[in-house]
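These are my notebook entries on a single protein model. I set down what I looked up, entry by entry.

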Amino acid sequence: MNRKKYQKVKTYRLIDQLVTIKQRFPESDVTIKNGALHWSGYVKPTAVSRIYHVVIDYKLRKRPVVRLCGENIQGLDRPNFPHKFHTDYEKKQVDLCLHLRYEFTSSMLIADTIIPWAIEWLYFYEIWLATDTWCGGGKHPEGKKKCGVTHEHSLKAAV
């Protein structure tokens with residue numbers, strides 16, 4: 001009899017996510033409330049970059065919502081603003097598209113994936129601001145909620 005053995009995949013609880021994020025990004029704010037994790041941090045993609053405010057809201061087994069927030073978001077009015085789901089012009093925030101649906105699961109740590117991917121997105125965003133060309137790869141949205149990028153490339157390779 002040929003039985004396939006399946007390895008159980010660990011699902012990180014929200015508290016696991018919180019502890020890891022707090023260890024890796026101690027200057028940021030991270031809380032759990034009403035069954036959702038909320039992270040708010042200020043990041044710089046490079047030493048010469050400006051500081052960006054990024055917010056992440058996450059519920060288990062759901063796609064994390066990643067927002068770029070604040071007054072220093074440039075290019076919002078450009079029709080080719082890259083890899084986004086939604087823009088709230090009044091609140092000055094953009095929901096970023098960082099990955100394809102299958103590229104993040106609850107068996108992954110946000111501190112190892114989503115936050116670094118957001119910082120990588122900001123790196124390519126700054127290049128886009130200067131050149132009007134998106135160099136970060138990925139698939140551009142064909143309609144609502146269909147944005148996706150792949151992480152086959154590496155930020156190290158781009159630098």
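**Entry 1. K92**

I began with K92, which is partly exposed, with a relative accessible area of 32%. My cut-offs are under 20% relative accessible area for buried and over 50% for exposed, with partly exposed in between (1.4 Å probe, protein chains only). K92 lies in the loop between β5 and β6. I take helices (H or I, at least four residues) and strands (E, at least two) as DSSP runs, numbered from the N terminus. The backbone of K92 has a positive phi of about 55°, although the residue is not a glycine. I note that most residues other than glycine have a negative phi.

**Entry 2. Basis of the values**

I record that this is a predicted model, in which local features need pLDDT of at least 70 and side-chain atom pairs count only at pLDDT 80 or more, while totals for chains, interfaces and linings use all residues. Residues are numbered from 1 along each chain as its sequence is written, and side-chain values use heavy atoms, with hydrogens and water left out.

**Entry 3. Overall layout**

I found three helices and six strands in the protein. Read from the N terminus, the elements follow the order α-β-β-β-β-β-β-α-α. Of the 159 residues, 43% are buried. I then looked up contacts, meaning heavy atoms within 4.5 Å. Among contacts with a separation of 6 or more, 51% are between residues 24 or more positions apart. The accessible surface is about 10,000 Å², and carbon and sulfur atoms account for 52% of this area. Accessible areas come from the Shrake-Rupley method with a 1.4 Å probe; for residues, only the protein chains shown count as cover.

**Entry 4. Salt bridges**

How many salt bridges does a search of the whole structure find? I recorded six, where a salt bridge is a side-chain nitrogen of Lys or Arg within 4 Å of a carboxyl oxygen of Asp or Glu.

I returned to K92 and found its salt bridge with E71, with the closest N and O atoms 3.5 Å apart. K92 is in the loop between β5 (84-88) and β6, and E71 is in the loop between β4 and β5, so this pair ties together parts that are 21 residues apart in sequence. E71 is exposed, at 66% relative accessibility.

I next examined D57 and R67, whose side chains meet in a salt bridge at 2.9 Å, N to O. D57 belongs to strand β3 (residues 52-58) and R67 to strand β4 (residues 65-69), so the pair ties together parts that are 10 residues apart in sequence. D57 has a relative accessible area of 26% and is therefore partly exposed. Salt bridges that share partners join D57, R67 and D95 into one network.

A further salt bridge links the side chains of R13 and D16 at 3.0 Å, N to O.

**Entry 5. Helix α1**

I listed the buried residues of α1 as L14, D16, Q17, L18, T20 and I21. The elements that cover them include β1 (29-33), β2 (36-43), β3 and α2. I also note that an α-helix has 3.6 residues a turn, so residues three or four places apart point the same way.

V19 is also in helix α1 (residues 14-24), but at 39% relative accessibility it counts as partly exposed. I15, V19 and I32 make a nonpolar surface patch of about 220 Å². Patches are made of residues with over 30% relative accessible area and no salt bridge; like charges are joined within 9 Å and nonpolar side chains (Val, Leu, Ile, Met, Phe, Trp, Tyr) within 5 Å.

**Entry 6. N34**

I looked up N34 as another residue other than glycine with a positive phi, here near 55°. N34 is placed in the loop between β1 and β2 and is exposed, at 72% relative accessibility.

I located S106 in the loop between β6 (93-96) and α2 (114-131). Although in a loop, S106 is buried, with a relative accessible area of 12%. Which residues does S106 contact, leaving aside its neighbours within four places in sequence? I recorded K10, T11, Y12, Y58, L60 and R61.

W117 is in helix α2 and is buried at 13% relative accessibility. W117 and H99 are 18 residues apart in sequence, and their C-alpha atoms are 8.2 Å apart in space.
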